[in-house]
Amino acid sequence: MSHTHEFSSVAIWSPERVVVDGDEARAARRAKLRLTIVLAVSALLLGVFQAVLNRDVITPDGISYLDMGDSIVRGDWSTAINGYWSPLYPALLGSALALVKPAMRWEFSVVHLVNLFIYIGALAAFYYYWSQLGAFRPQSDRGNADQGSDSVWLLLGFALCTSALLGLITVAAATPDLTVAAMVFLAAGLIVSIHPGDRSWGKFILLGLVLGLAYLAKTVMFLLGLLFLLVVLFRARPLRSSLPRTFLAASVFLLVSMPWIVALSHSKGRVTFGDSGGLNYAWQVDHVQRVEIPEQALSGQIKLLHPARMIPQTPPIYVMSGWRNVTYPFWYDASYWLDGVRPHFQLRDQLLILPVNIAREITCWAQLEWGALILLLFLLQGSRSWRRETLYKVAEQWHLLILGTGALVLYSLVHVEPRYLAPFTVLFWSAFLVCLRKRTDLATRRVLMPIGLVAAILTGVSIFFDSAVESYRMRNLPTDGSVHYQVAEGLRRMGIKPGDEVAYIGDTYYAGWARLLRVSVIAEIPLADESRFWADDPSEKTRILEELAATGAKIVISDAAPAPDPASQWQQIAATRYYAHRLNSTTFISQK
């Protein structure tokens, strides 16, 4: 018996065995590198495909971000300091436009090029997070060069990352959510790399820097940044070691955040780190209308500090003059026009919105279809002791569970959209996936490999077809930038030039044409009252047009004019559904 044991030991440590192990390890590393490259290229191509399909798409938020970016690049801080939008993403857009100087036709395409580069950065940030999370290797993997565990880990990471970035967020929308995702992945990766008793200072400095940038990308990250700091405080225990390092991270976080907070507070005349959360709570929970002058302000329940001017008639006209170089003043900074609106907690209203938002969060989770397979595996695979052991391993990832569910709880109180939840859903799911990676039994790995392959393939195919379908849908919505270009070019031929002030009848949120032409919509008849204008008799329409002319607007545009006859002096703009009427002339507009 002892001779056999001796022989086995000699065989294991023989030079020939060392050479074989070395060759197997190198082969495993090459296989892992090849798979990493294939998955990275696949993720990149899917992002390029989505960006190209949606190169002309522009959303209302994107218009405001572009305006804000221009103000930042010009150094026009009185306009740039904004209580509703955060500055990092607009600064990236404004810098890109200043560098490229695109023609009017290609401005929105540059936006999606910027989004694509941010997406690549988010991929890199996720790879860092996933590498840190997967750095643990089960004892059974050591010394036998088994690349199966690494392959499964990479496949699941590809499925999780692309589902979140291209499925829940997308490259199509001009929003800061890809930027936020990149910062969340970097911060989570740093926290994962910090182990109990970690005495390094550099990681904590980097964590504070990343969290500060995340806040500059989106206001809610100020509160979530505090949660990240609280988690790392207990992650790097004992407290006598983690407390000074976390204090350093918090100091860096505040150092990065404070200039914007101070400037914003000075502009508002009160201490604030941003008004987007309060306004969204008022809109979503307190049922305050998202219009220039809500009904609560008209009835005296709310006192607005500087409301839009309303010309009381049927239909009413809202005037927002005094803002230069801004496309649509109301949506450029709703916190200015609605300054005076404050969130009010009412238990009944909160309880009513909570199940709605929780249902939306469950729907977001359900979009990661393959995640259900992982959960099913967790519930059905193995014995009761297996599930109990795995549950203990999930509990060991408490930091990921807290970071993931913390954001979900915060959003569930106000408003939920898939793009908000994407990076935090990744953190939540990865707490389960890393536990399955730590399983040392071969049976688990044999189940995970086909699941990983199916998840990666289904995710890629789903994103490809969903992107195509969504692109077709967007071309039939007011977000189609190619139509806005035709309108802007048509107005230019009518003599409208950058800096002019115009009026609009309809949904001004989607005034991409005004952004391209660099004109400001200073007066509007909102979408809710549009039909009332067109139903009025000709004499009443003339009176309303005179009121619009008195605001200083040179021309009024509408996207729903009921094919007016030439006598009405409305003229179709190019071959679009948009019509224009010059306000200082009684003659029919002729194109030059």
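Which residues have the most contacts inside the largest nonpolar core? Select Tyr129, Leu165, Leu491, Trp513 and Ile557: they are the ones, in a core of 152 residues. A nonpolar core here is a set of buried Ala, Val, Leu, Ile, Met, Phe, Trp, Tyr and Cys residues joined through side-chain atoms within 4.5 Å, with buried meaning under 20% relative accessible area (1.4 Å probe, protein chains only).

Before you click on: this is a predicted model, where local features need pLDDT of at least 70, side-chain atom pairs count only at pLDDT 80 or more, and totals for chains, interfaces and linings use all residues. Residues are numbered from 1 along each chain as its sequence is written, and side-chain values use heavy atoms, leaving out hydrogens and water.

Now zoom in on Trp513. A second, separate core of 19 residues includes Val319, Ile505, Ala553 and Val556.

Next, show strand 5, residues 555–558 (strands are DSSP E runs of at least two residues, helices H or I runs of at least four, numbered from the N terminus). Ile555 and Ile557 on one side are buried, and so are Val556 and Ser558 on the other. Strand 3 (residues 501–506) runs parallel to strand 5, joined by three bridges, and Tyr504 sits opposite Ile557. Strand 7 (residues 579–582) is antiparallel to strand 5, with four bridges; there, His581 partners Val556. Pairing takes at least two DSSP bridges.

Last stop: helix 11, residues 239–268. The helix bends by about 45° at Ser257, with Pro259 following within four residues; the bend is the angle between axes fitted to the seven residues ending there and the seven starting there. Just after helix 11, Gly269 takes a positive phi of about 75°.

Conventions. Buried < 20%, exposed > 50% of the residue type's maximum accessible area, 1.4 Å probe, protein only. Expected span 1.5 Å × (residues − 1).
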